[in-house]
Amino acid sequence: MPEPTKKDETETENAPPPPEQKTPQEGGTEKGKVWSIGDGAPEETEKRDDSQRSTLFIEKPQSGSVSVGGNITFIAKVEAKDLLRKPNVKWFKGKWMDLASKAGKHLQLKESFERHTKIHTFEMHIIQAKENYAGNYRCEVSYKDKFDSCSFDLEVTESSQAAPSIDIRSAFKRSGDGQDDAGELDFSGLLKRREVKQQEEEPEVDVWELLKNANPSEYEKIAFQYGITDLRGMLKRLKRMRREVKKSAAFAKGLDPAYQVDKGGKVRFMVELADPTVELKWYKNGQEIRPSAKYIFEHKGNQRILFINNCTMTDDARYYVTAGDEKCSTELFVRDPPILVTKGLEDTNTYVGERVELSCEVSEDDANVKWFKNGVELTNEPKSRYRIKVEGKKHTLIIEEAAKNDSATYSVMTTGGQSEAKLSVDLRPLKISLALEDQTVRLGQEIHLKCEISENVEGKWYKNGQLVEASDRVKLYHKGRIHRFIIASAAVDDEGEYMFVPDAYNINIPCKVHVVDPPKLHLDGLGEDNTVTVVAGSKLRLEIPITGEPTPKVMWSRGDKWLTDSGRIRAETYPDSSCLVIDAAEREDSGPFRITLKNEAGEDTALINIKVVDVPDPPQAPNVTEVGEDWCVMTWEPPANDGGSPILGYFIERKKKQSSRWMRLNFELCKETTFEPKKMIEGVAYEVRVFAVNAIGISKPSMPSKSFVPLAVTSPPTLLAVDGVTDTSVTMKWRPPDHIGAAGLDGYVVEYCFEGTDEWIVANPELTDKTKFTINGLPTGSKILVRVKAVNAAGESEPRYHPQPILVKEVVEPPKIRLPRHLKQTYTRRVGETVNLVIPFQGRPRAKVSWQKNGSPIDKNQINIRNTENDTIIFIRKAERSHSGEYDMKVEVENLEDKATIDIQIVDRPGPPEIVTIEDVWGENVNLSWKPPKDDGNAAITGYTIQKADKKSMEWFTVMEHYHRTSATINELVIGNEYYFRIFAENMCGLSEDATMTKESALIAKDGKVYKYPVYDDFDFSERPLFTQPLINTYAVAGYNATLNCSVRGNPKPKITWLKNKVIIMNDPRYRMFSNQGVCTLEIRKPSPYDGGTYTCRAVNELGEAEVDCKLEVKVTQ
């Protein structure tokens, strides 16, 4: 982290204020800037500042001192002129202690912002200071990639009271939020005013318990305090030991979580068993422990004890004891003996610039020793001005060239002791060897002030009582005892009284400098080559500061013409400046203007270039060089005219070809002349255009590019598999890609390569649109790898590889007929229907299929047989009863064969029964008998239908249906009527076409009085359509059949019509309509959301019509 910097011996920025300058702190006094603990040499820190951070502070906090109980404030200021938001500021004590967490009663951090000056002010208030607050502090400010840091010291004047005794563990506490001691910086107080003495006897401290209860940030301090060398391993074991210990059935009392012993000491492990007969074993890091002089086992009742004698660091391990299947573990920590300070530090007095060595001796060679300055730890870093030297038991802190701010209390600390001493650095008496001389200098000449003093100390230069800092103009050099002040080019303002003040000495060396001032043009505010840029159409008012005594005469000219004080282009002159005014600037106004100054002391002239700039011309129409699925790559040329200002970048817009709405694609300027628009819709035509941008503004848009359509290649083909292999060919099959896109699919490319090579050979020079291809001309016995690519207008897709090499060799596959289940039983079809049977089989190579019917070859004129490599098809366009029989199929592969038999039965309606006879007539009954038909239609007779007819009307009425016997008794005939009877035979195809009628009639004789029939008028059954059950609104699930039902009556029988959304449904295979006994049904096969809507059922007869409708909603399952 960057530290405060100090200039080298020949150039310095820091000097003590003059005696009359007051400090900005409250409640304390400011001291001269001193080096912080850990700072490097001046040359090193200067280089580090230049490379690692940029300056943000405009006022840095200065070192100061305060007495015990007093208050002091440190102030840092940051200019917000170039910052968009508030910078981040942190305050630290030492190198690591962040003071934000310490804010409270004794420490307050404040910040404010002045809007007029745009300055952030950050303050740190220390209230009721204590001795342990002394030390080095640091303020850091950061904003984005900028960073600045400043260190400063606080000195607290010691009180006369003796320092209270300090417990080392209390030094590591963290102050509680909102408590009285919140904000106390008490770690450094540990080392204040400690004497070199052996620590008093303290109670034994269990480091293990101390670590378990400590904050993780304190682990390292505790490890150093108590001699822990393997802190990381100890923390791992701490984490493992914190796990919850399960209750053990074997151990009545287990081991403690951890044990601690000093190196060379003796430790005792004890467990108590629930069952003393259980075998017990002890382990160290997984290795069983055997009894020896070091490891001693002891039994006392149920207690089992292990003693470890003369503990060394190798005994620092994990131990556990097993009893049966149960285990109890612990951790043993071996602690090194504390390191003692055998010879303490001694107080030292020296002069500035002298070498200082502070030495002490400890009890062990190469021990870990820490050094502190005013409670802040010193490190042995390469760039630090403090060097720590270790020679066996002797430890030395070396300061090569002591400075005034090295005066402090230095402490050394070990794990078992500490010592401290005071270092006092004083100044030698100062003598002036060479005083400053008064000078008279011409403007632009060098001002060189030189003085020499007797001591090599820093100092500060003052002009008219104001501190002068080193800058590009002012060079301050310090080499040994000589101090020089040089201004390479004198200015009028450089005239005055100068004074050099050595640091820490109450003495000053004065002189006077007089500067002669000829006329001078001050063009510092102009750009390179005195160029002034103005936007076309705006007003230019260029003010040039001038100096000179007496006031010089000013003349402006453009070419050969002198400018006057009137007109559109004019010159205005004032005592300390001259103005060039151009109203409504035009591009023709660009060019050089000369200004000339003259007075008695001389003459000065300069050329000022006026540059009138405008927005750039639009670029040429862009070119689209590459197109993808939803992106493209476009390029363009810069505009021919940049408007007089460099092109800063470009804005890009796009639109759909059919749209007039342009959309901006980038909100940050594109610096290049290429761009990649994204997130376009595949298959839609687009146009793009470009705007050029310079410092003045945005150009008009370029002409649109030629329209282009984003297209993407398809995804790879799917399910690539081997369909067949011969000795010289391989047949592959696949499925189309899952995603094809707007570019469609033109075809496929099949490639192969031989195993062990990388050369892919195209099998089909022309694209194939089929998903099956045979690669021919392959050598027998070779192995090939196959891949397939899908091709469209966007190019080739990623290939789909066959996962394994394919052997080019035909494999004999035994024949096997895969007879479908429905053909394993008699296959029945009616006369006139089509018979189309597909019987798959397997068998390679070149399976031979043959057919026979009832043991004889099949007549191919009546029955069509078609064979392929994988199946055979038997096809009969119109079945006849003669096609019935057993069909034998045989598949042969070389000497192997497989057979199957298919029983095909072609059925028809049966013939009528044979002679029907009236066997007997009695009362209202007639007994009939008949013989079964000679032709059963090649199917079993399933029943008979009996009808009767009155001889008068000869209208036939069915008496019995599906009757199975060949004799029947007809009951409840009308007395006095004469009847004829006829009978139909029935099989699975239906009733016979003809019926057999009785030759004689049966008369139902009357008994007694003749019955006179009443005369009845015929009843009119005609009725217009009427829905007795309406349709109801229905919800259907997509993919599952849905039905709509209603019932209607009417006479004559109404004609039923179904409508969807008032459109008649006709010849649509997705719908099936049924009407049975007045119940109307509409079946919708596997509906989709498109099938939802309003459905209407319309019934129409000659008397009128009726309608009923409902709504159908199709839901898609998630």
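Author: Lys 553 belongs to strand β41, which covers residues 553–558. Strands here are DSSP runs of E with at least two residues, and helices are runs of H or I with at least four; both are numbered from the N terminus. This is a predicted model, in which local features need pLDDT of at least 70 and side-chain atom pairs count only at pLDDT 80 or more, while totals for chains, interfaces and linings use all residues. Residues are numbered from 1 along each chain as its sequence is written, and side-chain values use heavy atoms, with hydrogens and water left out.

Lys 553 is classed as exposed because its relative accessible area is 55%. The classes are buried for under 20%, exposed for over 50% and partly exposed in between, computed with a 1.4 Å probe on protein chains only. Residues up to four places away in sequence aside, Lys 553 touches Thr 596, Leu 597 and Lys 598; contact means heavy atoms within 4.5 Å. The C-alpha atoms of Lys 553 and Leu 597 are 5.5 Å apart, although 44 residues separate the two along the chain.

With a relative accessible area of 0%, Asp 406 is buried. The side chain of Asp 406 makes a polar contact of 2.8 Å with that of Arg 385 and another of 2.9 Å with that of Tyr 386. A polar contact is a pair of N or O atoms within 3.5 Å; within protein, one must be able to donate a hydrogen and the other to accept it, and residues adjacent in sequence count only if both atoms are side-chain atoms. Beyond its neighbours within four places in sequence, the contacts of Asp 406 include Lys 373, Ile 399, Leu 423 and Val 425.

Strand β27 also takes part in an open sheet of five strands, ordered β21-β28-β27-β23-β24 with mixed pairing. Its edge strands, β21 (348–351) and β24 (376–378), each pair on one side only. From one strand to the next, the twist averages 30°; axes are lines fitted to C-alpha atoms, for helices over the stretch in contact, and angles run from 0 to 180 degrees between N-to-C directions. Two strands pair if DSSP finds at least two bridges between them. Strand β21 runs parallel to β28 (residues 418–426) over four bridges, with Tyr 351 opposite Asp 426 in β28.

Ring contacts complete the account. Rings of Phe, Tyr and Trp (its six-membered ring) pair if their centres lie within 6.5 Å, and planes under 30 degrees apart are stacked, over 60 edge-to-face and the rest tilted. This rule gives 20 aromatic pairs. Among them, Tyr 283 and Tyr 320 are stacked, at 5.0 Å centre to centre with 15° between the planes. Tyr 283 lies in β14 (residues 280–284) and Tyr 320 in β18 (residues 318–323), so the pair ties together parts that are 37 residues apart in sequence. Both Tyr 283 and Tyr 320 are buried. Tyr 752 and Phe 754 pair edge-to-face, at 5.9 Å centre to centre and 85° between the planes. Tyr 752 is buried at 11% relative accessible area, whereas Phe 754 is partly exposed at 26%.
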